[in-house]
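Please read the following note with the structure open beside it. It is written for a student who is meeting such a model for the first time.

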2 protein chains.
Amino acid sequence: MPAKLRDVAQRAGVSIKTVSRVVNNQGEISEATRQRVLAAIADLDYRPSKVARALVTQRTDTIGLVLGDITNPFFPEVARGVLDAAEPQGYNVFLCNSDGDLQRETRILESLLDHGVDGVIIFPTFELEPALRRLAGPDRPVVVVNRPYDLPNVSAVMIHTRRGAQLAVEHLIRQGHTAIAMLAGQSHEVPQLQRVRGYRDALTARGLPVRDEWIVGGVPIQSRGRESALTLLSRYPEITAIFAYNDLLALGAIEACHELGRRVPADCAIVGFDDIPLAGAVCPALTTVRVDKYDLGRRATERLFEMMAQPEQMFAPIWADVELIVRASA
Amino acid sequence: MPAKLRDVAQRAGVSIKTVSRVVNNQGEISEATRQRVLAAIADLDYRPSKVARALVTQRTDTIGLVLGDITNPFFPEVARGVLDAAEPQGYNVFLCNSDGDLQRETRILESLLDHGVDGVIIFPTFELEPALRRLAGPDRPVVVVNRPYDLPNVSAVMIHTRRGAQLAVEHLIRQGHTAIAMLAGQSHEVPQLQRVRGYRDALTARGLPVRDEWIVGGVPIQSRGRESALTLLSRYPEITAIFAYNDLLALGAIEACHELGRRVPADCAIVGFDDIPLAGAVCPALTTVRVDKYDLGRRATERLFEMMAQPEQMFAPIWADVELIVRASA
DNA sequence: CTGAAAGCGCTTACAG
DNA sequence: CTGAAAGCGCTTACAG
């Protein structure tokens, strides 16, 4: 049986209120009393119950991190950034995988609400507005990655996705490519649209035509990248370069090239996005657009704490920068 | 302001106890009352507060997962297994990184205690016994990975590490290698000792001598693997094969071989351990010992729930199997 | 089948 | 500088 406030009070010969005061370091207390209480706390190995405290303060010292899938190599570093920023504030983090499934995403948010989390960081897959209206409040801010919402107590961290896509495609054009296809990821997502825009921007800026049949959507996983690239390169052999929505798709495209006997980058150059740990290790090493994932997680969390501290204030989106990393594949 | 039990009771015209009964599906209730209460719950969009409930039941529907570092590619799949097993039981999971730091590990466990978690799964780096004595109890079981403790309410999930190491080295011997070195990881850890044992077992079983100077310890990260392999291969050029504590060290060894102009596997064969996602993607693809990480996480979590259900019972360790995956590097 | 009382372990006004 | 009372939102015996 762990010691309670009452046990400590009894042993120190004071009221529980006094103990509470020294635990929370509030109010004036005579040094003698303080020492007596501190001694009792040490003797009994007392630790205040966060759940009892939470019931009255309505704060659980807990936040939720909702992402697609922690085994997607994009996310572990993000999570690490979140954890590292949360820990010094005394916060614990619930990790939740939505799997890009609307049902699960909704269920997770309800569950976090039930647990009384003090805030949420979410990488959304779907339109979140109704859920956010329920979830977000002055006591429970939400940071959304890659989707701007004009809602109170909601703020955004945006990745410079469009610029990243542009950098990637410009690089390919500089290498002399004019027939550049795109593995575009799942349609109608904001990050997807941004990448397609960047791709178009770069092509039209150089006077190259945009061919819609060269923009192929699909779930952004490696096997799908392989299939899509296989189809694309068989049907349009004139393609000499591919820009992929993310590194996993790019890896799939490299696989496809190997199968088709196309050398990378000589016969087909490939650029990815994200710079996951795999990117530098595969052969050929992947040219890609780096996102500082750790920093993303860290900054999202710091923003969340800022919002907790200033519930009334509106916050402009945080913009996370991107960087072209040139390796062997393009 | 979210609705409370009292609001629901008021609207349904019953006592809060009755509402509590229908929410928790306990006790006999007339169907009419039940429907009335259900309607009130739906109308008010009522959700019971887990923190209020936790204060009285002493159950938070929360578990802690303590691992070294989620960005270590071994762990995301483990975490996924834990999450997937916890979710259907209505449990949320606190993710905590210990970084193999004793201070942090201790602090994390205290923090989980404060939050009143119902159980903990931990990949320990250090001697945990004192901490476990405080943490573990009939109401709070602990599953420890890779360390057997003979404590009540503590059980173990063990990986067949020794057998795995043996498989790896036997494979190298079958390929004709007799000069086999080992990058051994950090000393005095159980998993480390097990691997060294397996390495010795395999060598002596085939009548090969064990040379202690060919067993090199060190933090199991890629850069360290490179350095250690560089030293080892320069000092003892007769070495033709390396067995590494984990895939990250093996990757470092491949790097070292490239730098030294040694072809892998022709001039130096390399076998890793874990089969992280990178292993199949690098060149040459890494021969390694696979641990089913997802399954490990899932089974650890299921065991935790079994322990919650039967607090008095002692559980034998779960043994997670390993498998040699032969690819290109050996 | 349903309810009134007590209490989980704390903090928050309010007194003194 | 310190304490007694009320209450956070639920569940747990105990009655009826």
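This is a predicted model: local features need pLDDT of at least 70, side-chain atom pairs count only at pLDDT 80 or more; totals for chains, interfaces and linings use all residues.

1. The surroundings of DNA strand D come next. By residue class, the surface near DNA strand D holds 11 nonpolar, nine polar and five charged residues.

2. The two protein chains also touch one another. In this contact, 32 residues of chain B meet 32 residues of chain A. On the chain B side, helix 4, helix 5 (75-86), strand 2 (92-97) and helix 6 (102-114) each supply at least two residues. That side of chain B divides into 19 nonpolar, eight polar and five charged residues.

3. Chain B contains an open sheet of four strands in the order 7-6-8-9, and the pairing is parallel. Strand 7 (215-217) and strand 9 (269-271) of chain B each have a single partner strand, so one side of each is left without a neighbour in the sheet. From one strand to the next, the twist averages 20°.

4. One pair within this sheet can be followed in detail. Strand 8 (residues 241-244) and strand 9 of chain B are joined in the parallel sense over three bridges. Opposite Ala241(B) stands Ala269(B), a residue of strand 9 of chain B. Helix 8 (residues 161-174) of chain B lies across strand 6 (180-185), strand 8 and strand 9 of chain B, and runs at about 170° to strand 8 of chain B.

5. Does helix 11 (residues 247-260) of chain A have a length that agrees or disagrees with its number of residues? At 1.5 Å a residue, its 14 residues should span 20 Å, and the end C-alpha atoms are 20 Å apart, which agrees.

6. Helix 11 of chain A is largely enclosed by the rest of the structure, because 11 of its 14 residues are buried. Among them are Leu248(A), Ile254(A), Glu255(A) and Cys257(A). The cover over the buried residues includes strand 6 (180-185), helix 10 (222-235), strand 8 (241-244), strand 9 (269-271) and strand 10 (288-291) of chain A. Just after helix 11 of chain A, Gly261(A) adopts a positive phi of about 70°.

Conventions. Residues are numbered from 1 along each chain as its sequence is written. Chains are lettered from A and ligands numbered from 1 in the order in which they are written. Ala, Val, Leu, Ile, Met, Phe, Trp, Tyr, Cys and Pro count as nonpolar, Asp, Glu, Lys and Arg as charged, and the others, Gly among them, as polar. Two strands pair if DSSP finds at least two bridges between them. Axes are lines fitted to C-alpha atoms, for helices over the stretch in contact, and angles run from 0 to 180 degrees between N-to-C directions. Two residues are in contact if their C-beta atoms, placed from the backbone, lie within 7 Å. The expected span of a helix is 1.5 Å times one less than its number of residues. A residue is buried if 20 or more other C-beta atoms lie within 10 Å of its own, exposed if 12 or fewer, and partly exposed in between; C-beta atoms are placed from the backbone.
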